[in-house]
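Hi there,

Here is the structure I promised to pass on. Have a look at it first, and then read my notes below.

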Amino acid sequence: MDVTLSRFLSTREGMMAASSVSSLFLPSPAPGLDSGKTSCTSFQSNAGRRLGGPFVRCSGAVPKVSNVVKRGGHLTSVKRRDAIGLLCGLSSFFINSFDVNGAGLPPEEKPKLCDSTCEKELENVPMVTTESGLQYKEIKVGQGPSPPIGFQVAANYVAMVPSGQIFDSSLEKGQLYIFRVGSGQVIKGLDEGLLSMKVGGKRRLYIPGSLAFPKGLTSAPGRPRVAPNSPVIFDVSLEYIPGLEVDEE
């Protein structure tokens with residue numbers, strides 16, 4: 001009778017343990033696990049048999065170890081701060097690798113109207129100075145008509161500060177700049193310089209501050225600032241005059 005009662009009680013306790021397991025399952029504590037005030041009871045359930053090992057049911061505080069990793073058949077404890085440190089180290093490694101590769105790349109070459117060969121040839125081209133103080137050098141003399149005042153013109157330009165840094169360019173935008181020449185839609189130096197050009201021509205304009213930007217231009221990412229009334233340089237090409245060439249044909 002005592003044996004039967006003992007078996008009944010042990011079976012009943014096992015069923016209650018299996019049916020009241022928390023949703024939080026942790027693998028068996030590994031060596032070095034700091035249980036603190038945690039009380040854990042080991043048991044073997046159907047789920048445990050399927051997953052290949054015993055599980056523990058814990059009450060009280062959660063163990064201080066955040067993860068337990070199985071390596072080569074042995075369980076190794078991994079602290080949260082160690083895992084975070086490892087991830088940060090890997091991230092830093094990859095970021096630094098990209099920086100090194102980027103630092104080794106040559107700077108991106110920006111499109112220009114006057115390349116290195118053109119620059120050398122310009123050294124021997126005479127400078128022309130107008131009454132307003134505008135100066136220019138002919139890169140290429142055009143063969144077409146000159147634009148009448150108020151007519152639309154289609155032009156390409158590369159705008160630079162005296163140091164040669166580009167602050168604006170139609171070539172980078174991939175679009176011709178169309179405006180009415182001589183009507184005040186652009187700075188005075190550009191208006192004057194284009195009025196005496198011919199279609200198909202290229203010219204470098206040295207525009208004094210009085211004919212440039214009275215209020216200046218703010219800097220942009222990768223672009224220099226243009227101070228108020230400071231000199232600027234424009235390389236311009238007169239591509240065509242909309243409507244004028246059609247009428248002449």
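I'll begin with the cysteines. The link between C114 and C118 is left-handed, with -100° about the S-S bond. Please keep in mind that this is a predicted model. The two sulfur atoms of C114 and C118 sit 1.9 Å from each other, and the pair is joined as a disulfide; the count for the model comes to 1 disulfide.

Both ends of this link are worth a look. C114 has a relative accessibility of 2% and counts as buried. C118 is buried as well, because its relative accessible area of 10% falls under the 20% cut-off. C118 belongs to helix α4, which covers residues 116–122.

Now to the nonpolar cores. The largest one has 27 residues, and I207 and F234 have the most contacts inside it. Two or more residues each come from β8 (152–160), α6 (188–195), β11 (202–207) and β12 (232–240). Of these, β12 contributes the most, with 4 residues.

Setting aside neighbours within four places in sequence, F234 is in contact with Y157, V158, A159, F167, I187, L190, R203, R204, L205, I207 and F213. There is also a second, separate core of 5 residues, with L113, M160, I166 and I233 among them.

Technical notes
Residues are numbered from 1 along each chain as its sequence is written. This is a predicted model: local features need pLDDT of at least 70, side-chain atom pairs count only at pLDDT 80 or more; totals for chains, interfaces and linings use all residues. Side-chain values use heavy atoms; hydrogens and water are left out. A nonpolar core is a set of buried Ala, Val, Leu, Ile, Met, Phe, Trp, Tyr and Cys residues joined through side-chain atoms within 4.5 Å. Buried means under 20% relative accessible area, exposed over 50%, partly exposed in between (1.4 Å probe, protein chains only). Contact means heavy atoms within 4.5 Å. A disulfide is a pair of cysteine sulfur atoms within 2.5 Å.
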